[in-house]
Amino acid sequence: MFIAIARPAVEPTGPDAVAVPGSPVIHDLTPRALHARLLENAAQRRLRGLERRLADRPEDADYWLHAAPVAVRKACALRETRSFAPLP
């Protein structure tokens, strides 16, 4: 039996390849927006790791809990390389 591989009807373009189809594409994120996205990513990874730990899946939990600091390090590096204007 052969299965034909069909391309999806909507193919994402731009930097955010996992965006919901129809959502606006943000081509150039500001440093502050990128920093917020990285921190949100780290928080989601931590939560996913805790969920996996509660589901008694230690190997998955270890992966997600070790992946979270990577996003935090990237956010810290971004703050060091770019100067953020103070918040009002």
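Me: Hi! Which residues make up helix 1, and how far does it reach?
Reply: Helix 1 covers residues 31-54, which is 24 residues. In this predicted model, helix 1 spans 35 Å from its first C-alpha to its last, close to the 34 Å expected at 1.5 Å a residue.

Me: Nice. And what comes just after helix 1?
Reply: Look at aspartate 56 there: this residue has a positive phi of about 60°.

Me: Which residues of helix 1 are buried?
Reply: Four to find in your viewer: His35, Leu38, Ala42 and Gly49.

Me: What covers them?
Reply: Helix 2, residues 58-81, is part of the cover over the buried residues of helix 1.

Me: OK, so how do I describe two packed helices?
Reply: You give the angle between their axes and the distance between the axes. For helix 1 and helix 2, the angle is about 165° and the axes are 8 Å apart. Because that angle is over 145 degrees, helix 1 is roughly antiparallel to helix 2.

Me: Is the crossing left-handed or right-handed?
Reply: Left-handed, where helix 1 passes helix 2.

Me: Switching topic: how many helices and strands are in the protein chain?
Reply: There are two helices and zero strands.

Me: What share of the residues is buried overall?
Reply: Of the 88 residues in the protein chain, 12% are buried.

Me: And what about the surface?
Reply: The protein chain has an accessible surface of about 7,400 Å², and carbon and sulfur atoms account for 60% of that.

Me: Last one: what share of the contacts with a separation of 6 or more joins residues 24 or more positions apart?
Reply: That share is 49% in the protein chain.

Note on methods. Residues numbered from 1 in each chain as written. Predicted model: local features only at pLDDT ≥ 70, side-chain atom pairs only at ≥ 80, totals over all residues. Heavy atoms only, no water. Buried < 20%, exposed > 50% of the residue type's maximum accessible area, 1.4 Å probe, protein only. Contact = heavy atoms within 4.5 Å. Areas by Shrake-Rupley, 256 points an atom, 1.4 Å probe, with all protein chains shown as cover. Expected span 1.5 Å × (residues − 1). Axes fitted to C-alpha atoms, helices over the stretch in contact; angles between N-to-C directions. Parallel < 35°, antiparallel > 145°, perpendicular 65-115°, else oblique. Left-handed = near helix turned anticlockwise from the far one by under 90°.
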